[in-house]
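The sequence and coordinates come next, followed by the discussion.

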Amino acid sequence: MRRVAFICVHNSCRSQMAEAFGRVLGLGVMEPYSAGTETRPAINQDAVRIMKEIGVDMELWQKPKLLEDIPAVDIVVTMGCNVSCPLLPCQHREDWGLDDPSGKSDEEFRVVRNLIHARMKDLLRRIESGAV
């Protein structure tokens, strides 16, 4: 299994959604983590609610984490920080360039959620094929 870190600055929204999809879709393929250089006290409640719409409860097993709170990883996926994204040693790195939906409409959250879902499926396909 590949250890994959999903990174954004605050680790409260996009990276948390990616970790949740990694847990649901990546069983036996990846060990997902999310982290940031700073954290919020809790996961973004709009993200929690939008993920629950599709049956994924991030609050069951996730909380905001700092980079130093996760183990060494094989793959780093940055979410598109719009600032200097944090660096973490890895074998493969990619940026998904996603806008932060925090403070925006539910529809904008759904768009980001669906993009993360699609990109996660692609990442899992590439991991399984040995391309990553």
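Burial is judged here by relative accessible area, where buried means under 20%, exposed means over 50% and partly exposed lies in between, computed with a 1.4 Å probe on protein chains only. The model is a predicted one, in which local features need pLDDT of at least 70 and side-chain atom pairs count only at pLDDT 80 or more, whereas totals for chains, interfaces and linings use all residues. Residues are numbered from 1 along each chain as its sequence is written, and side-chain values use heavy atoms, with hydrogens and water left out.

| Residue | Location | Relative accessible area |
|---|---|---|
| Tyr 33 | strand S2 | 15% |
| Asp 74 | loop between helix H2 (45–52) and strand S3 (75–78) | 18% |

Taking contact to mean heavy atoms within 4.5 Å, and leaving aside neighbours within four places in sequence, Tyr 33 is in contact with Arg 3, Val 4, Ala 5, Phe 6, Glu 19, Ile 70, Pro 71 and Val 73. The C-alpha atoms of Tyr 33 and Lys 65, which are 32 residues apart along the chain, are separated by 9.0 Å. For Asp 74, with neighbours within four places again left aside, the contacts are Met 1, Arg 2, Arg 3, Cys 90, Gln 91 and His 92.

Helix H1 (residues 14–25) is largely enclosed by the rest of the structure, because nine of its 12 residues are buried. These buried residues pack against strand S1 (2–7), strand S2 (30–35), H2 and helix H3 (106–129).

A nonpolar core is a set of buried Ala, Val, Leu, Ile, Met, Phe, Trp, Tyr and Cys residues joined through side-chain atoms within 4.5 Å. The largest such core has 30 residues, and those with the most contacts inside it are Phe 6 and Trp 96. Two or more residues come from each of S1, H1, H2, S3 and H3, with H3 giving the most, seven residues. A second, separate core of nine residues includes Ala 5, Ile 7, Val 73 and Val 76.

Trp 96, apart from neighbours within four places in sequence, is in contact with residues including Phe 6, Ala 18, Val 77 and Leu 123.

Terms used: Helix = DSSP H or I, 4+ residues; strand = E, 2+ residues; numbered from the N terminus.
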